[in-house]
Amino acid sequence: MYELTNVTKKYDQGKRSVTALSNVTLTIPDGQMVAIQGPTGGGKSTLLQMLGALDRPTAGTVHLGEADLSRLGDGKLGVIRATKIGFVFQGFNLIPTLTAQENVETALAPLGLGHADRRSRAAAALEAVGLGDRGGHLPAELSGGQQQRVAIARALVKEPAVLLADEPTGNLDEGTRDEIMDLLEGLWRDRGLTLIVVTHDSAVARRAQRRLQIKQGVLKEVA
Amino acid sequence: MFITYLRRELAGRRKQTAIVAIGMALAIALVIIVNAVSSGVQLAQATVLESVYGVGTDITVSQTPTAPTAGDTSGGPQRFDFGAADGTATDGTTTVSRSRLNATRGTSTFDSTALATVTAVDNVSGASATLALENTTFNGALPTFTPGTAPAEGATPPEGGPDGAGGSSFNVDSFSVLGLDPADEAVGPLSAVTLTDGRSLTKADAGAHVAVLDSSYATSASLATGGTVAIAGTDFTIVGLVTAASADAATAANVYIPLDVAQTLSGLTGQVSNIYVQAASSTDIAQVQSDIGKALPATTVKTQADLASSVSGSLSSASDLVKNLGLWLSLIVLAAAFLIAVLFTVSGVTRRTREFGTLKAIGWSNGKIVRQVAGESLVQGLIGGAAGIAIGLLGILVVNLVAPTLTAGTTSVAAAGPGGPGAGRGFGGAAQAAATSDIVLTAPVTVSVILIAVGLSVLGGLLAGAIGGWRASRLRPAEALRSIA
Ligand SMILES: Nc1ncnc2c1ncn2[C@@H]1O[C@H](COP(=O)(O)OP(=O)(O)OP(=O)(O)O)[C@@H](O)[C@H]1O
Ligand SMILES: [Mg+2]
């Protein structure tokens, strides 16, 4: 369960200070599917960074279960990211020189698993996203939708509690968008994940149990 | 994962790998070649010097030469006195043969008590004194001067040539003789030679009329072990033949005899011309040199380094070239290669900002990412190093196949009077002429050169890896979310 209390994030750009998040208070129970919408520059990605232990807020606290993400050091945050949180990005962010199978295995590298264990778990994760036969392909040899499937397999192979996705369908056409959303929704349902999706797209947002909007750093629930 | 990722990166980014590796390879090849040629040149210099001064010799001591005093009646080697009863007369011709043994021209002798003074200096581990001499033999046939039939104008000396007055003919032959302590083999000129026949001089030879000959001199003078050689009219038994350790260089003298015998025959009792000194360690040489200089102010004290500067000819030009141009060139190319490796690694990290941000976002530690970047640079460096060693060895092979011949002259360090085979030696003022040797330059491949090359490639790789890794460690994991254009 996420509990954010009075979270403010300011970026200093020279003399000017940009308030990307302003006094955000939010609770997300385990297993919920949440969509975050809002105009560009509104603070969606910044909020996702707070939830994903990628950065600390300027003020306020961010609790994920027992851990206070606003107070932990870089090393501890890294461990939380490695074990509890999966990420899916708009640009897929696969490593271009590694095969699909190896890309999925990178998520297991920090966990200290044996080679065989890593291989079989990564293969199973690729199977789960429907790419069981594409493990040996490089990202450049896969379509956008397939690359995003590999990225989803990479996010889920470590069996995290939370899956965070920043515009996961932003680079895909409509047909592929629906495929990917079907996949994410299915995995969410099957695995009891907390799924938080940032999106511009109302068609994507409508699938969520709960919709939030963030404008100029201020968070609002959408009825 | 480390190995897989490393392999994929190097194979997937071949151009970057190739550029870094080629830069490193060229630099390392250059270092190897310069290093090998440089030690080849040093080896050649050492060969030239050793054959003259001995293997273990660190320092030589000689008397600072002084001009002969006016009215010196001892006469030079070119002066021969004949009495009326000398020689054998046959058919109106008197055949005469005279031998003189004198100090080598250009050198001065000094009292042998200096040896004790030198030995007493701190950190002197060995010292040996020698006396450099020159034996000159006059052989001639002159018209018999019958008492009473001398020309009215008085005795006109023969004019020096077969066609001179009275049909006289003579020739003059000279060879170098070195008197040395037969008990001392560790220091001095005999330490640098190889025995080819018979035996060397031993302690028991003190006072005996025995000689060891330079084998090429023996050949040219038709002498052999078991035979005799006449020195100052005294027959010496030839007990052994020696050659210079290197076939290219000349030995210090034509004939080696015990020091005491040399002193007696030359009339230079208690005199020596050189002292060869060995220091306890190479770090003591400067101190030993200065202490000897203080103890014996009238002498010239030279170190191997001073002696090396006396090597002239194309060998010394090669040495200068390698030392200056070669050293600087390889340093510059090495610096450029390191710079290329660093710049490419840093620009690679910048290009992969999102990649490393993503890895951090999915939980990779900074250490893991730094290791990855450093590992990539290190392997690039090692690939370059391996290629560099291959190119370098090829270069050395070419140098050794071409085998350039260098000439080396050891110019007059008032020392042992280096002498080549005596037959062609000038008679008169040229006695101190430089001994020239032709030395084929060989560039040796040593383990240390290979180790240096490997060390440099590791160093270059680690340097680039450290800087690139430091850059990567400073990337924020949030870079993963940076939107792409
Ligand atoms: N690292 C940063 N340094 C300075 N300013 C930043 C930084 N990251 C975000 N900002 C600023 O914070 C504000 C919120 O940015 P954020 O990326 O969260 O917006 P967003 O809602 O994700 O927009 P988009 O839909 O374009 O992705 C923007 O004004 C942005 O310029
Ligand atoms: Mg954003």
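These legends walk through a few close-up views of a predicted model.

**View 1. Where chain B meets chain A.** Let's start with the meeting place of the two chains: 27 residues of chain A are in contact with 23 residues of chain B. Together the chains bury an area of about 2200 Å² between them, and 63% of that area comes from carbon and sulfur atoms. Look for M1(B), I362(B) and L481(B), which supply 32% of the area that chain B buries against chain A, more than any other three residues.

**View 2. Polar and charged links across the interface.** Two salt bridges are counted between chain B and chain A. One to find is the salt bridge between the side chains of R8(B) and E102(A), at 2.6 Å from N to O. Eight residue pairs are in polar contact across the interface of chain B and chain A.

**View 3. The side of chain B that touches chain A.** Two helices of chain B, α1 (2-12) and α9 (353-361), each bring at least two residues to this side. The largest share belongs to α9(B), with six residues. Sorted by class, this side of chain B has 11 nonpolar, eight charged and four polar residues.

View 4. Is T446(B) buried, partly exposed or exposed? T446(B) counts as partly exposed because its relative accessibility is 31%, and partly exposed covers the range between under 20% for buried and over 50% for exposed. The side chain of T446(B) makes a polar contact with the side chain of S448(B), at 3.1 Å. A36(B) lies 410 residues away along the chain, yet its C-alpha atom is 7.8 Å from that of T446(B).

Methods
Residues are numbered from 1 along each chain as its sequence is written. Chains are lettered from A and ligands numbered from 1 in the order in which they are written. This is a predicted model: local features need pLDDT of at least 70, side-chain atom pairs count only at pLDDT 80 or more; totals for chains, interfaces and linings use all residues. Side-chain values use heavy atoms; hydrogens and water are left out. Contact means heavy atoms within 4.5 Å. Buried area is the accessible area (1.4 Å probe) that two parts lose on being put together, summed over both. A salt bridge is a side-chain nitrogen of Lys or Arg within 4 Å of a carboxyl oxygen of Asp or Glu. A polar contact is a pair of N or O atoms within 3.5 Å; within protein, one must be able to donate a hydrogen and the other to accept it, and residues adjacent in sequence count only if both atoms are side-chain atoms. Helices (H or I, at least four residues) and strands (E, at least two) are DSSP runs, numbered from the N terminus. Ala, Val, Leu, Ile, Met, Phe, Trp, Tyr, Cys and Pro count as nonpolar, Asp, Glu, Lys and Arg as charged, and the others, Gly among them, as polar. Buried means under 20% relative accessible area, exposed over 50%, partly exposed in between (1.4 Å probe, protein chains only).
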